[in-house]
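Here is a short briefing to read with the model open beside you. It starts at the ligand and then moves on to the strands.

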Amino acid sequence: MRLDKFLADMQIGTRSEVKKLIQKGHVSINNQIIKKVDTKVDENTIVYVDGMRVDYVTYEYYVLNKPAGFLSATQDMHYPVVLELVPCIRKDIGIVGRLDKDTEGVLLLTNDGELNHRLLSSKNHVEKKYYVQVDTDIPDYAEDFFSKPIEFEDFTSLPAKFEYINSKSAYLTICEGKYHQVKRMFEKIGCTVTYLKRVQFGPITLDGLDAGEYRHLSEEEIKTLYEY
Ligand code: URA
């Protein structure tokens, strides 16, 4: 990759800021000042900026506690988007799947395209657990109903795990991530979802994050995600 990309990815500055740093002689490799912004480097090159060592990190992984009101998108003309909540992370980070604008909770962010693809692939059946509140009493047959496939116009859901909390709230764990899936599943039993929060994605939980906060995933969490 180019030296200016290396430094911009590592958050030393914007692409134009790091170009200026390089051209002004602030950047060195192997004790040699490098002034060409397109000098080829790789992820093992050790670059110094004003004597500070910069190691390249290829992939980064975060979990964000998405608040309601934000679109799961990188940009939008009309609504705030989740990437505005993480202004300091590098520009190649993408979102793993989608939550509705009014849904809260676990949203993974990474620039690891392979993991992103694996987690979303329907073959891998990654469990997503939701806390759900509804407008009317949940019928007694809910657990049995959700434990069997449900037919929708565009897909048939896999058996889901229902956990009763009280007459108007529950947890539902599903393996797919179809459009409005949880809301549509509850509609099938006559309930309208009034509040929805994803509390777990595979092994990843919010772990104390308040709405709008985010954290790096641990090495252990990344390994477990890969094993899914
Ligand atoms: N199911 C929904 O209905 N909405 C979401 O945001 C996620 C799952």
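Which residue has a polar backbone atom 3.1 Å from a nitrogen atom of the ligand? That residue is Val-182, and the pair is a polar contact (N or O atoms within 3.5 Å; within protein, one must be able to donate a hydrogen and the other to accept it, and residues adjacent in sequence count only if both atoms are side-chain atoms). The protein covers 96% of the 240 Å² of accessible area that the ligand has on its own, with areas from the Shrake-Rupley method and a 1.4 Å probe.

Please keep in mind that this is a predicted model, where local features need pLDDT of at least 70, side-chain atom pairs count only at pLDDT 80 or more, and totals for chains, interfaces and linings use all residues. Residues are numbered from 1 along each chain as its sequence is written, and side-chain values use heavy atoms, with hydrogens and water left out.

**Around the ligand**
- The residues around the ligand (a heavy atom within 4 Å) include Leu-99, Asp-100, Tyr-130, Lys-183 and Leu-196.
- Thr-103 places a polar side-chain atom 2.9 Å from an oxygen atom of the ligand.
- His-180 has a polar backbone atom 3.2 Å from an oxygen atom of the ligand.
- Helix α5 (residues 181-187) gives the most to this shell, with 3 residues; helices are DSSP runs of H or I with at least four residues, strands are E runs of at least two, and both are numbered from the N terminus.

**Strand β7 and its partners**
- Strand β7 (residues 104-110) is largely enclosed by the rest of the structure, because 7 of its 7 residues are buried, meaning under 20% relative accessible area (1.4 Å probe, protein chains only).
- Strand β5 (residues 61-66) pairs with β7 in the antiparallel sense over 6 bridges, where pairing needs at least two DSSP bridges; Leu-64 stands opposite Leu-107.
- Strand β6 (residues 94-96) runs antiparallel to β7, joined by 3 bridges, and Gly-94 has Thr-110 as its bridge partner.
- Strand β13 (residues 193-201) runs parallel to β7 with 2 bridges, and Glu-104 is partnered by Lys-197.

**The open sheet**
- Another part to look at is an open sheet of 4 strands in the order β2-β1-β3-β4, with antiparallel pairing.
- β2 (32-33) and β4 (52-54) stand at the edges with a single partner strand each, so one side of each is left without a neighbour in the sheet.
- Strand β1 (residues 27-29) joins β2 through 2 bridges, and Ser-28 has Ile-33 as its bridge partner.

How values were computed: Buried < 20%, exposed > 50% of the residue type's maximum accessible area, 1.4 Å probe, protein only.
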